[in-house]
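The following exercises are intended for a reader who meets this structure for the first time. Each consists of a task and a solution set out in steps.

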Amino acid sequence: MNDALMKQMKERIEALKKLPGVGSKSIKEVLEENGFTRRDFLKWSAAMAAMLGLPASFAPVVAEAAEVSDRLPVVWLHLAECTGCSESLLRTDAPTIDDLIFNYINLQYHDTIMAAAGWQAEQNYEEALEKFAGRFILCVEGGVPTKDGGEYLTIGPEAETGLHKLKRTASKAAAIIAVGTCSSFGGIQAAHPNPTGAKGIHKVLSKPVINVPGCPPSAKNIVGTIVYVILYGQLPAVDNFNRPKWAYGLRIHDLCERRGHFDAGEFVQEFGDAGAENGFCLYKVGCKGPYTFNNCSRERFNQHTSWPVQAGHGCIGCSEPDFWDAMAPYEEPLANHKFMSVEADATADKVGITILTVAGVAIAAHAALSAIKNPKE
């Protein structure tokens, strides 16, 4: 099976090599200029292969895929959002292989970081659409306002609505990736009372959309999804919220470094107490890790240095649908209040509401009983 898969990937890469590159420099040249050796690149490729669920023997193939990433240019649209997802890629203390591949090689259009503005930016956008039609990967950051024909968001010198621009761009894209929770599910823009009718982009498009939620998502999840498309020539397997299973197949709780304290009944009762100093579980002060699917606990942020739970605050469930309404208040256990959305407690694969309710009660009961039995209290 692995031999057949590797053959398929190599054939895919050979086909891409025949296409003209869109970058002025090769990935090899860019990496060398930024101080990365071939060894560094292969280590990155091995880590990316593991993240995608591929055997270590596929690392060289992943490296080849990254080297032809400029054959599939990226067009990045901004809709209703805060630009935090772009910031997560840009705000590093030194360039990483992820952002070098993403920003320097194949990024053809990006409202925020491109030098052009006004009519020149609009011209660059139109040229990218025509030149790479049917070939480019569309990344969309931000929810799409839909009320009153989408007039609550207009873009560019011709005041085109974000809704129209999204549909027009998506119609020519080879693959569509919703970057961040706003683009995936509407985000804070879609929170009650949602005056602009903001939605996740999949709700207004007729083509498949891969959701890469998070506020923001990690650079690894964004670049990994693009590498998957390059390797396979198709979209990855997804859960019932269209999230790639290789990235969102497990709960935060499953791989959390504080999980042992949860199982031992050792909880932070309030921020700053002895439990907090000793790294106890944050469930009782609102951690939504048992209800949230993402790989933050494994991939972390800021070049793999830390993530919210490690820093001392519970997960707020930002990669789940309607998290702004459904997961609040963020410093209280979810079992303490009624769900505002059934989707807030959804699993990576669709299960019955009865099972979800029992699971929620079980978590709350476990926490309560553990607190009673804890000999340290």
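**Exercise 1. Identify the residues that ring pairs join into a cluster, and classify the pair formed by Phe 262 and Tyr 283.**

Solution. The model is a predicted one.

Step 1. Phe 262, Phe 267 and Tyr 283 are linked into a cluster by ring pairs. The count for the structure comes to eight aromatic pairs.

Step 2. The ring centres of Phe 262 and Tyr 283 lie 6.3 Å apart, and the ring planes stand at 85 degrees. Planes over 60 degrees apart count as edge-to-face, so this pair is edge-to-face.

Step 3. Phe 262 belongs to helix α12 (residues 259-263), while Tyr 283 lies in the loop between α13 (274-277) and α14; the pair therefore ties together parts that are 21 residues apart in sequence. Both Phe 262 and Tyr 283 are buried.

**Exercise 2. Classify the ring pair of Phe 323 and Trp 324, and state whether Phe 323 is buried or exposed.**

Solution.

Step 1. The centres of the two rings, Phe 323 and Trp 324, are 5.9 Å apart with planes at 85 degrees, so the pair is edge-to-face.

Step 2. Buried means under 20% relative accessible area. Phe 323 has 4% relative accessibility and therefore counts as buried. Trp 324, with a relative accessible area of 38%, is partly exposed.

**Exercise 3. Determine how the buried residues of helix α8 are arranged around its axis.**

Solution.

Step 1. In helix α8 (residues 162-170), the buried residues are Gly 162, Leu 163, Lys 165, Leu 166, Thr 169 and Ala 170.

Step 2. Viewed down the axis of α8, these buried residues fall within an arc of 165 degrees, so they line one face of the helix.

Step 3. One of the buried residues is Lys 165; the charged end of Lys 165 sits over the ring of Tyr 125, 4.1 Å from the ring centre.

**Exercise 4. Describe the largest pocket and the largest cavity.**

Solution.

Step 1. The largest pocket has a volume of about 600 Å³. Its lining comprises 27 residues, and Asp 98, Lys 220, Glu 299, Gln 303 and His 304 lie nearest its centre.

Step 2. By class, the pocket lining has eleven nonpolar, eight polar and eight charged residues. Helix α3 gives the most to this lining, with four residues.

Step 3. Three cavities of 30 Å³ or more are found in the whole structure, and the largest cavity has a volume of about 80 Å³. Tyr 283 is among the residues lining the largest cavity, a lining that divides into eight nonpolar, two polar and two charged residues.

Definitions and conventions:
Residues are numbered from 1 along each chain as its sequence is written. This is a predicted model: local features need pLDDT of at least 70, side-chain atom pairs count only at pLDDT 80 or more; totals for chains, interfaces and linings use all residues. Side-chain values use heavy atoms; hydrogens and water are left out. On a 1 Å grid over the protein atoms alone, a cavity is a set of points where a 1.4 Å probe fits but cannot get out, and a pocket is an open set with protein on both sides within 12 Å along at least five of seven lines; lining residues have an atom within 4 Å of a point. Grid points are joined across faces, edges and corners, and a volume is the space filled by probe spheres set on the points. Helices (H or I, at least four residues) and strands (E, at least two) are DSSP runs, numbered from the N terminus. Ala, Val, Leu, Ile, Met, Phe, Trp, Tyr, Cys and Pro count as nonpolar, Asp, Glu, Lys and Arg as charged, and the others, Gly among them, as polar. Buried means under 20% relative accessible area, exposed over 50%, partly exposed in between (1.4 Å probe, protein chains only). The arc is that of the directions from the helix axis to the C-beta atoms. Rings of Phe, Tyr and Trp (its six-membered ring) pair if their centres lie within 6.5 Å; planes under 30 degrees apart count as stacked, over 60 as edge-to-face and the rest as tilted. A charge sits over a ring if NZ of Lys or CZ of Arg is within 6 Å of the ring centre and within 35 degrees of the ring normal.
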